[in-house]
Amino acid sequence: MSNYNLILASASPRRKELLQQVGAAFEVCPSQGEETITTQDPAQAVMELSRQKAAEVAKRLGNPPAQDSPKPHPCRHGGRDNRGTIVLGADTLVAFAGKILGKPKGQEEAKSMLRMLSGNTHSVFTGVTLCINREGQEDVQSFYEETEVTLYPMTERQIAGYVATGEPMDKAGSYGIQGRFAVHIQGIRGDYNNVVGLPVARIYQELMKSGIEIL
């Protein structure tokens, strides 16, 4: 059994599936705060966003509800055992030609992003923050993973058809590598799971360096 309780500070079904795939036991507690970036450097931006997500959830977990509160404490995890807690925050962005591409705000923006990426190589950055708490001692670790993705050229018809499926609307860069868009991927250099949304191998290795087992 893991010597830590793992909390995923994300509602992303893809991140949840990746943790389940490797056999990690965890709970989901999505962050509820407003996230902002103060840099246009994609690596720094994703780490900044991941820190904000993890910190917001870690703060909620550490604050008990008021005694007269009519509602249960959201994502309350403490008190069930004497294990430590890891809050895992993550954020993914696409970068191309010096521009950060997040989730599209509508179909036209999704089409514009895909036109930009068509036939080119771009980078996918995922930032990860681990808020580790054991016996009142907190350690915060942040890092990022970068994967290069090359797309085949796409026609206007292909772009419009893909956007019409609705699949790109909640994904950075307007595509999901694990979905229908797979037919447009010419190649990748780096961690495939990083493009899906969570570099699980890197996370596991970083935690092992700290003597933490999550499987």
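Two residues are in contact when they have heavy atoms within 4.5 Å of each other. With that in hand, here's a quick tour of this predicted model, starting from A172, which touches T92, L93, V94, L101, G102 and K103 once residues up to four places away in sequence are left out. The protein has 215 residues, and 48% of them count as buried.

**Overall layout**
- You'll find six helices and seven strands here.
- Walk along the sequence and the order reads β-α-β-α-β-β-α-β-β-α-β-α-α.
- Take the contacts between residues at least 6 apart in sequence: 69% of them join residues at least 24 apart.

**The loop between helix 4 and strand 7**
- A172 sits in the loop that runs between helix 4 and strand 7 (185–189).
- Its relative accessible area is 15%, and the cut-off for buried is under 20%, so A172 counts as buried.
- L101 is 71 residues away from A172 in sequence, yet their C-alpha atoms are 6.3 Å apart.
- Y175 belongs to the loop between helix 4 and strand 7 as well, and at 4% relative accessibility it is buried too.
- Leaving out residues up to four places away in sequence, Y175 touches L114, L117, H122, V124, V149, Y162, P168, F181, I185 and V195.
- From Y175 to V163 it's 12 residues in sequence and 8.7 Å in space, C-alpha to C-alpha.

**Helix 4**
- Within helix 4 (residues 156–164), the buried residues are I159, Y162 and V163.
- Those three sit on the same side of helix 4, because they cover an arc of only 100° around the axis.
- As a rule, an α-helix has 3.6 residues a turn, so residues three or four places apart point the same way.
- The buried residues of helix 4 pack against helix 3 (107–117).
- Just past the end of helix 4, G166 has a positive phi of about 85°.

**Helix 6**
- Helix 6 covers residues 200–209, and its buried residues are V200, I203, E206 and L207.
- Looking down the axis of helix 6, these buried residues fall within an arc of 130°, so they line one face of the helix.
- The cover over them includes helix 1 (13–21), strand 3 (84–96), strand 5 (121–134), strand 6 (137–151) and helix 5 (192–196).
- Just after helix 6 comes G211, with a positive phi of about 75°.

**The largest pocket**
- The largest pocket has a volume of about 640 Å³.
- It is lined by 30 residues, and the closest to its centre are R15, K53, D91, T92 and K103.
- Helix 1, helix 2 (42–62), strand 3 and helix 5 are the elements that each give two or more residues to this lining.
- Strand 3 provides the largest share of the lining, four residues.
- Sorted by class, the lining has 14 nonpolar residues, eight polar and eight charged.
- Two of the residues closest to the pocket centre, T92 and K103, also turn up among the residues that A172 touches.

Technical notes. Residues are numbered from 1 along each chain as its sequence is written. This is a predicted model: local features need pLDDT of at least 70, side-chain atom pairs count only at pLDDT 80 or more; totals for chains, interfaces and linings use all residues. Side-chain values use heavy atoms; hydrogens and water are left out. Buried means under 20% relative accessible area, exposed over 50%, partly exposed in between (1.4 Å probe, protein chains only). The arc is that of the directions from the helix axis to the C-beta atoms. On a 1 Å grid over the protein atoms alone, a cavity is a set of points where a 1.4 Å probe fits but cannot get out, and a pocket is an open set with protein on both sides within 12 Å along at least five of seven lines; lining residues have an atom within 4 Å of a point. Grid points are joined across faces, edges and corners, and a volume is the space filled by probe spheres set on the points. Ala, Val, Leu, Ile, Met, Phe, Trp, Tyr, Cys and Pro count as nonpolar, Asp, Glu, Lys and Arg as charged, and the others, Gly among them, as polar.
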